[in-house]
Amino acid sequence: MKAILFSCAMFFVLAGCTSTKTAQTATSIEDTYWVLTELMGKPVSAQQPNGKEIHILLNKSENRVQGFAGCNGFGGNYELKAGNRVVFSQMIGTLMACDALDTENELLKALRTADNYTIADGKLSLNKARMAPLARFEIGKKK
């Protein structure tokens, strides 16, 4: 009886460890809809008056980044390198004017400046060297 209880207890302990590890490693920078939450250390409301969210999405199959920066859609290329390094290049976007242009310009500058990223607890940080994060995102639901 003790052996059965011990076996059941070990099963649940091991199952719990396995599921926790899977949840932490399942999140990838690629093919994930990332919603902006912080920019240059300041909180950002991702939901804009026009009903759109400020977000990025890195398409793994094409090595392309696309998103919405507050006023305009944008796109470009990205490359992932060893050590969680990232390079965004050839960024283009539409040129509409709106009240959120400051946020948009800061986000696009952060993308051009970032050289590495970290993912922890379902949150993505784009960084430059070892400085404070340039931009932070959380997983959202693609609309």
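## Exercises on a predicted protein model

From the N terminus on, the elements follow the order α-β-β-β-β-β-β-α-β-β-β; helices (H or I, at least four residues) and strands (E, at least two) are DSSP runs, numbered from the N terminus. The model is predicted, so local features need pLDDT of at least 70 and side-chain atom pairs count only at pLDDT 80 or more, while totals for chains, interfaces and linings use all residues. Residues are numbered from 1 along each chain as its sequence is written, and side-chain values use heavy atoms, with hydrogens and water left out.

**Exercise 1.** Determine which strands pair with β9.

*Solution.* Step 1: two strands pair if DSSP finds at least two bridges between them. Step 2: strand β1 (residues 33-39) is joined to strand β9 (residues 135-139) by 5 bridges, in the antiparallel sense. Within β9, Phe137 stands opposite Leu36. Step 3: strand β8 (residues 123-127) also runs antiparallel to β9, with 4 bridges. Here Lys123 has Glu138 of β9 as its bridge partner.

**Exercise 2.** State whether Asn127 and Asp99 are buried or exposed.

*Solution.* Step 1: buried means under 20% relative accessible area, exposed over 50%, and partly exposed in between (1.4 Å probe, protein chains only). Step 2: Asn127, in strand β8, is buried because its relative accessible area is 6%. Step 3: contact means heavy atoms within 4.5 Å. Leaving aside neighbours within four places in sequence, Asn127 has contacts that include Tyr117, Pro133 and Leu134. Step 4: Asp99 lies in the loop between β6 (85-93) and α2 (101-113). Asp99 counts as exposed because its relative accessibility is 85%. Step 5: the C-alpha atoms of Asp99 and Gln48 are 9.9 Å apart, although 51 residues separate the two in sequence.

**Exercise 3.** Locate the disulfide and describe the surroundings of its cysteines.

*Solution.* Step 1: a disulfide is a pair of cysteine sulfur atoms within 2.5 Å. The structure holds 1 disulfide, which joins Cys71 to Cys98 with an S to S distance of 1.5 Å. Step 2: the link of Cys71 and Cys98 is left-handed, with -65° about the S-S bond. Step 3: Cys71 is in the loop between β4 (64-68) and β5 (73-81) and Cys98 is in the loop between β6 and α2, so the pair ties together parts that are 27 residues apart in sequence. Step 4: Cys71 is buried because its relative accessibility is 12%, whereas Cys98 is partly exposed because its relative accessibility is 32%.
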